[in-house]
Amino acid sequence: MSRRLFRKGFTLVELLVVITIVALLVALLLPAVQQARESARQTQCRNNLKQIGLALHNYHQQHGVFPPGLVANLFIDAVNPTGQRQTDPTEAVVRGSLGLSYHGTSWMLHILPYIDEQNTYNLWNFNLNVRENADGVNFTWIGGIRVQLMPAQTDIPTFYCPSRRSSMEISQFAYVRRMDLTGTPAPGVSAWTKGGNDYGGCIGSGIGWNDAVITDNRSTIPPTYHLTPAQIQNLTTQSGGVLIQTKKLPAEFDLGIFYVNSSTQMRDITDGTSNVIIAGELMRLNDIDDELLQSYDGWAWGGPATLFSTRFGINKGVHFDNPGSEHPGIAHFCLADGSVRVIGQNIDLTVFRNLGNMRNGIPVGDF
């Protein structure tokens with residue numbers, strides 16, 4: 001009776017060949033999988049901006065204006081004609097009455113009912129500022145129990161770009177400035193961990209913030225410029241017979257749709273609604289040392305957290321007012337007509353600056 005010998009398993013050489021082939025297949029497939037995932041994330045990002053644009057149009061239809069870029073009642077250097085009026089940033093962050101109605105809120109708060117966030121909007125107490133709507137000063141009684149209401153610390157999925165994050169991610173963005181970094185939270189309230197945003201409104205191509213007040217203790221917030229007409233005129237100079245207006249906002253030549261206490265109507269956008277950016281993606285700069293490279297975060301917080309300038313371009317990372325994204329080489333922007341456009345980071349700077357301005361009269365051209 002003959003015996004047949006059967007070999008069991010693989011030889012070492014055969015095993016190594018199989019491992020090599022599998023590794024090569026994985027190496028070939030992984031970029032394709034990552035690209036497919038990024039493509040899906042970009043689609044969702046565009047959809048988020050489309051929803052924001054639609055909400056802005058619905059708000060305009062109901063109120064006759066777009067929401068204010070930043071609601072402010074407190075100002076520094078407000079009446080001096082040779083000065084430079086700017087918001088008092090403590091309006092948004094201090095606790096306790098300042099003796100008047102105060103807010104410091106952003107335009108994003110006002111569109112909540114139009115993006116299916118009516119419940120969050122209903123929790124907001126407009127007699128309190130942003131900080132108090134985040135730290136639990138606002139409260140209600142349920143079944144005899146005092147319940148703190150913190151609508152500003154609510155994660156709104158539409159306000160996050162999926163290529164970057166789906167929550168505030170305070171450990172990853174440790175040097176991004178949040179409101180809890182400006183002082184000690186109220187008793188029983190932890191650090192601000194929710195309510196971030198990756199989109200903002202366009203303030204124009206001008207200078208929106210007074211950088212000179214930022215200090216390295218990370219507790220000083222830059223005031224937002226809101227110069228009076230007399231102050232703008234005072235800072236206007238002549239060069240070769242040409243008037244050169246200050247770029248500090250709301251200088252008309254560099255003005256966007258959103259600014260301090262703005263009430264922009266569709267008819268004010270004389271450069272054409274298809275040629276003016278209303279909202280877009282924000283960079284989230286996270287530098288450990290340079291205060292100008294530390295972004296601000298919080299959809300309810302009016303100012304640099306929810307506004308950007310087109311003065312430097314896309315993804316440049318040179319100032320906290322920069323727009324930009326986590327998408328390779330591009331960023332998404334919503335135009336005033338509600339359309340969403342993909343714009344490359346190498347766009348001509350003059351063209352991009354003009355896209356940020358709503359009525360400077362300069363043709364934008366192709367982009």
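**Close-up views of the predicted model**

**Figure 1. Overall composition of the chain.** Residues 24 or more positions apart account for 70% of those contacts in the protein that have a separation of 6 or more. The model shown in this and the following views is predicted. The protein contains 6 helices and 11 strands. Of its 367 residues, 49% count as buried.

**Figure 2. The largest nonpolar core and the surroundings of Trp107.** The largest nonpolar core comprises 49 residues, and those with the most contacts inside it are Ile52, Trp107, Phe159 and Trp299. At least two residues of this core are supplied by each of helix H1 (12-63), helix H2 (90-93), helix H3 (107-110), strand E5 (199-204) and strand E8 (277-281). The greatest contribution to this core is that of H1, with 5 residues. With its neighbours within four places in sequence left aside, Trp107 is in contact with Ile52, Leu56, Pro67, Pro68, Gly69, Gly200, Gly201, Phe258, Ala279, Thr306 and Leu307. In soluble globular proteins, nonpolar side chains tend to be buried together.

Figure 3. His110 is placed in helix H3. This residue counts as buried because its relative accessibility is 13%, a value below the 20% cut-off. Not counting residues up to four places away in sequence, His110 touches Tyr59, Pro67, Pro68, Val71, Thr105, Tyr121 and Phe126.

Figure 4. The structure holds 0 disulfides. For Cys45, the nearest cysteine sulfur belongs to Cys161 and is 3.8 Å away; Cys45 is therefore in no disulfide, as that bond is assigned to sulfur atoms within 2.5 Å. Cys45 has 0% relative accessibility and so counts as buried. Cys334 likewise counts as buried, at 0% relative accessibility.

**Figure 5. Gly298 in the loop between E8 and E9.** Gly298 is located in the loop that runs between E8 and strand E9 (307-309). A relative accessibility of 0% places Gly298 among the buried residues. When residues up to four places away in sequence are not counted, Gly298 touches Gly195, Gly196, Asn197, Ala305 and Thr306. Gly298 and Met108 are separated by 190 residues in sequence, while their C-alpha atoms are 9.7 Å apart in space.

Figure 6. The structure has 1 cavity of 30 Å³ or more. The volume of the largest cavity is about 110 Å³. It is lined by 17 residues, of which Leu70, Thr87, Asp88, Pro89 and Gly302 are the closest to its centre. The lining divides into 10 nonpolar, 5 polar and 2 charged residues.

Figure 7. Most residues other than glycine have a negative phi, and most peptide bonds are trans. The peptide bond from Leu249 to Pro250 is cis, with omega near 10°. Pro250 is situated in the loop between strand E7 (242-244) and E8. Asp116, although not a glycine, has a positive phi of about 65°. Asp116 occupies the loop between H3 and helix H4 (118-123), and it is exposed, with a relative accessible area of 75%. Glu169 is not a glycine either, yet has a positive phi of about 55°. Glu169 lies in the loop between strand E4 (145-148) and E5, where its relative accessible area of 30% makes it partly exposed.

Terms used:
Residues are numbered from 1 along each chain as its sequence is written. This is a predicted model: local features need pLDDT of at least 70, side-chain atom pairs count only at pLDDT 80 or more; totals for chains, interfaces and linings use all residues. Side-chain values use heavy atoms; hydrogens and water are left out. A nonpolar core is a set of buried Ala, Val, Leu, Ile, Met, Phe, Trp, Tyr and Cys residues joined through side-chain atoms within 4.5 Å. Buried means under 20% relative accessible area, exposed over 50%, partly exposed in between (1.4 Å probe, protein chains only). Helices (H or I, at least four residues) and strands (E, at least two) are DSSP runs, numbered from the N terminus. Contact means heavy atoms within 4.5 Å. On a 1 Å grid over the protein atoms alone, a cavity is a set of points where a 1.4 Å probe fits but cannot get out, and a pocket is an open set with protein on both sides within 12 Å along at least five of seven lines; lining residues have an atom within 4 Å of a point. Grid points are joined across faces, edges and corners, and a volume is the space filled by probe spheres set on the points. Ala, Val, Leu, Ile, Met, Phe, Trp, Tyr, Cys and Pro count as nonpolar, Asp, Glu, Lys and Arg as charged, and the others, Gly among them, as polar.
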